[in-house]
Structure formats: structure tokens, C-alpha cells
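These are my notebook entries on what I looked up in one protein structure. I record each search in turn.

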Amino acid sequence: MPTGVPGSPGPLATLAAVTDTAAAPVPPAADPTFTPPSIGRRFGALLIDWVLCLLIANFFADPVRDGWAPVLVLILEYGFFLGLFAQTPGMYITRIRCLSWADGGRIGLVRALLRGVLLALVVPALIMDGHRRGLHDRLTGSVIADAPRPARR
């Protein structure tokens, strides 16, 4: 049986690369076994992020008197961190991340900013579906998923 181009992997190696599920993660929308993280972890991440926003807002406003300042910081934090890294600092600590529902990738800056604005309205976050996707997640095409840490060697 011919092996193809000399030095190239054989047909079994190519088949193994194509069928290796670790190489191509399944997006949450197509994964029937997808299980969202608990509400407690999501709330814990939000609480950590809110405290950070209060601390940062204190540099340019009085968060007690100017209630808009920490909310603005929260929206910008979500836009920056979710758009570029798929995790806010609070999400990193609680080991969750925000992914695109359709393809499992990052949601990008614009959708992350929109998600932050909708989260700041609070009510959309309380209207959830079976995958614990709030209205803010459904409108931005996102989902909160586990973020396992890589195994240490």
C-alpha cells in the first residue's frame, strides 16, 4: 500500500489527528453534555469583580456619591477582559470563562461591552434558560463555562 509523500505521516496518523477530540473542542451549543458552572461560582466572580471596580472607581470618583463610576468601570472591565481573555479577574479566580455559544471562542470586544452593559442592568442576568444563560448571554451569543486549569507537570 503506498504511503504517499516520503516523510509525511501515514494514513493512520492522519486519521488519528482528524478524530482526536482533544484537538478540536466542541462548542457549547453543539455539546449535549455541556453543564454550566453553578450560580454560586458566577456570583462569586461578579462579587470579586465588583469589589475591584469599587477600588478602581475610588481613584477618579467617590463610589458612594457617584454610583455611576463603579458601574462604568464594570462595563469597561467586562469589555476589556472578556473581549481579549474570555475571563475577568473574578472569573479567573472562580475558574469560569465566558465563551461564544456558537463556536466556543472569545466573544470579542463589542459583544463583551454589550454584555457588560446588559449585566449592569441586572434584570437580564436574572432571566435564565436551562443552560444558565441569562438574557445578557443570549443577546450576546455567549455562555459561562468551566475553565479548568492546565495540569502541572
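The model is predicted, so to speak of local features I needed pLDDT of at least 70, and side-chain atom pairs counted only at pLDDT 80 or more, while totals for chains, interfaces and linings use all residues. Residues are numbered from 1 along each chain as its sequence is written, and side-chain values use heavy atoms, with hydrogens and water left out.

**Entry 1: I127**

I looked up which residues I127 touches when its neighbours within four places in sequence are left aside. They are R133, G134, L135 and R138. I127 lies in the loop between helix 6 (123-126) and helix 7 (135-140). Helices (H or I, at least four residues) and strands (E, at least two) are DSSP runs, numbered from the N terminus. I127 is partly exposed, at a relative accessible area of 43%. On this scale, buried means under 20% relative accessible area, exposed over 50%, and partly exposed in between (1.4 Å probe, protein chains only). I also noted 10.0 Å between the C-alpha atoms of I127 and D137, which are 10 residues apart along the chain.

**Entry 2: the whole chain**

I counted 7 helices and 2 strands, in the order α-α-α-α-β-α-α-α-β along the sequence. Of the 153 residues, 34% are buried. Among contacts with a separation of 6 or more, 62% join residues 24 or more positions apart.

**Entry 3: salt bridges**

I searched for salt bridges (a side-chain nitrogen of Lys or Arg within 4 Å of a carboxyl oxygen of Asp or Glu) and found 4 in the whole structure. Side chains of opposite charge can pair when their charged atoms come close.

One of them joins D146 and R41, at 2.9 Å from N to O. D146 lies in strand 2 (residues 142-146) and R41 in helix 2, so this pair ties together parts 105 residues apart in sequence. D146 is partly exposed at 34%, and R41 is partly exposed at 28%.

D137 forms another salt bridge with R115, with 2.8 Å between the closest N and O atoms. D137 is in helix 7 and R115 in helix 5 (residues 108-120), 22 residues apart. Are these two residues buried or exposed? Both D137 and R115 are buried. Salt bridges with shared partners join R42, R115 and D137 into one network.

I also listed D66 and R65, whose side chains meet at 3.0 Å, N to O. D66 counts as buried, at 16% relative accessibility, whereas R65 counts as exposed, at 62%.

**Entry 4: the nonpolar patch**

I then looked up a nonpolar surface patch of about 1,200 Å², whose members include F43, L55, F60, W68 and L113. Patches are made of residues with over 30% relative accessible area and no salt bridge; like charges are joined within 9 Å, and nonpolar side chains (Val, Leu, Ile, Met, Phe, Trp, Tyr) within 5 Å. Areas come from the Shrake-Rupley method with a 1.4 Å probe; for residues, only the protein chains shown count as cover. Helix 2 (39-57) and helix 3 (68-85) each supply at least two residues, and helix 2 gives the largest share, 6 residues. L55, in helix 2, is exposed at 54%.

How values were computed:
Contact means heavy atoms within 4.5 Å.
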